[in-house]
Amino acid sequence: MSKGPSEAITGAVSRASTRMRPAPTTQGRQYEVLVVDDEPLTANLLAEGLGMAGFYAVPCNSGADAMGLLDRTTFDVVITDLRMPGSDGRDVLAHARRTAIGPEVVIITSAAEVNVAVECMRMGAFDYIQKPFDLDVVVNVALRAAERHRLEAERRELREVLRRSKHALMVALEARDCYTLQHCVNVAFLARRFGEFVGASQAILDAITSVGELHDVGKIGIGDAILNKKGPLTEAEYETMKFHPQIGLEIIDPLGTFPDEGSLVSAHHERWDGSGYPLCLEGDDIPLIARITAITDVFDACTTTRPYRKAMPITDGLRIVEQSGGKGFDPELTSEFLRFFVREFGPTGDEYAQAIAELRASENGQPIPVAQSEA
Ligand SMILES: [Fe+2]
Ligand SMILES: [Fe+2]
């Protein structure tokens, strides 16, 4: 409010010009920053300093004007004063972060407003800067925020590519083997719910959403004689089948996936005791996303009908999971899965059968009797 720019900024603008950084550009353009302060001189000095450091910076003198600008144009970062008459920094923050593609927001506060700054962080602010601040600090925070914004945009683009590619790959998988497709849909559904239950990171949950349904996509590369064989596989056939995680990784890797996506596809047959494949990883060396998926994968394989055998009852599938704790599966995750399943779907799993039937109906656009998924 009523404060002079010299009180707020201790670093002289001219210092930024003498220590010019490489222009922080992405895809051939400057990072764009909206600077909001009700004190025009402070906003102008900040914008000027950011401009000399290579940003395209726009000064603005009210929260209302800032929100109008955010509606009309895109920015990578908003740097806003907290205390302003009318709409304040919190209003600007809420407006900027109302959608996932909004700019990162840096709040400028006084030392007495740390509690409010913490509240702003909970509301989604990237960081806060206390007055008086050095211009170099602002430039550094703005650059980190702009790079986070760029990475998030790239991540979203990649997930969109994956989403579109996933549909095509699932159609291809269905053409080869409709049992595998339904299994993949079930596993993704269950792994996502289980991942949420155990508090897995957002990156893991997003990866399950992206490629859970593709965990067996490598089976596209396995011959029909093995894939649809009505009977147990020979040792040689089983050795061939063991290539499917690696083939799956080779299929999804060119799409530019993140590490968790790759781990889900390539390591879902690794086993806690080292008896799995393809790398015979052991214990915590197996990525968490693969340990989660492994349990849901085996559970679903047991409890759905396959070309070579009928589905076993859900209670038997749960018993197999329980018996595999500490051997094939992470023992802690095994206990958690049993707790999760009973809590989510009831002790006999009746609600799971219903959930799977609804999942099939939503995937296929037509209802499928519960009895068929339990046959
Ligand atoms: Fe598999
Ligand atoms: Fe599978």
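Two strands count as paired if DSSP finds at least two bridges between them. Helices (H or I, at least four residues) and strands (E, at least two) are DSSP runs, numbered from the N terminus. With those terms, strand S6 (residues 104–109) and S7 pair in the parallel sense over four bridges. Thr109 of this pair stands opposite Gln130 in S7. Between the two strands the chain passes through helix H6 (residues 114–122), and this β-α-β crossover is right-handed. Right-handed means that, with the strands pointing away from the viewer, the path from the first strand over the helix to the second runs clockwise.

The model is predicted: local features need pLDDT of at least 70, side-chain atom pairs count only at pLDDT 80 or more, and totals for chains, interfaces and linings use all residues. Residues are numbered from 1 along each chain as its sequence is written, while chains are lettered from A and ligands numbered from 1 in the order in which they are written.

Now the overall count. The protein has 18 helices and seven strands. Of its 375 residues, 41% count as buried. Buried here means 20 or more other C-beta atoms within 10 Å of the residue's own, exposed means 12 or fewer, and partly exposed lies in between, with C-beta atoms placed from the backbone. Two residues are in contact if their C-beta atoms, placed from the backbone, lie within 7 Å. Among contacts with a separation of 6 or more, 63% join residues 24 or more positions apart.

Back to the sheet. Strands of a sheet pair through backbone hydrogen bonds, either parallel or antiparallel. Here five strands form an open sheet in the order S4-S3-S5-S6-S7, with parallel pairing. Strand S4 (56–60) and strand S7 (127–130) are the edges, and each pairs on one side only. Neighbouring strands are turned by 20° against each other on average, direction ignored. Strand S3 (residues 32–36) runs parallel to strand S5 (residues 77–81), and four bridges join them. Val35 stands opposite Ile79 in S5.

Two helices lie across S3, S4 and S5. Helix H3 (residues 40–52) runs at about 175° to S4. Helix H4 (residues 63–72) runs at about 160° to S3. Axes are lines fitted to C-alpha atoms, for helices over the stretch in contact, and angles run from 0 to 180 degrees between N-to-C directions.

Which residues does His215 touch? Leaving out residues up to four places away in sequence, they are Cys184, Val187, Leu264, Val265, His268, Thr293 and Asp297. His215 itself lies in the loop between helix H9 (202–211) and helix H10 (224–227). His215 counts as buried because it has 31 C-beta neighbours inside 10 Å. Thr293 is 78 residues from His215 in sequence, yet the two are 8.7 Å apart in space, C-alpha to C-alpha.

Most residues other than glycine have a negative phi, and most peptide bonds are trans. The bond from Lys131 to Pro132 is cis, with omega near -5°. Pro132 is found in the loop between S7 and helix H7 (135–176). The bond from Tyr277 to Pro278 is also cis, with omega near 10°. Pro278 lies in the loop between helix H13 (259–267) and helix H14 (288–303). Cys280 is in the loop between H13 and H14. Its phi is near 55°, a positive value in a residue other than glycine. Is Cys280 buried or exposed? Cys280 is exposed, because 12 other C-beta atoms lie within 10 Å.
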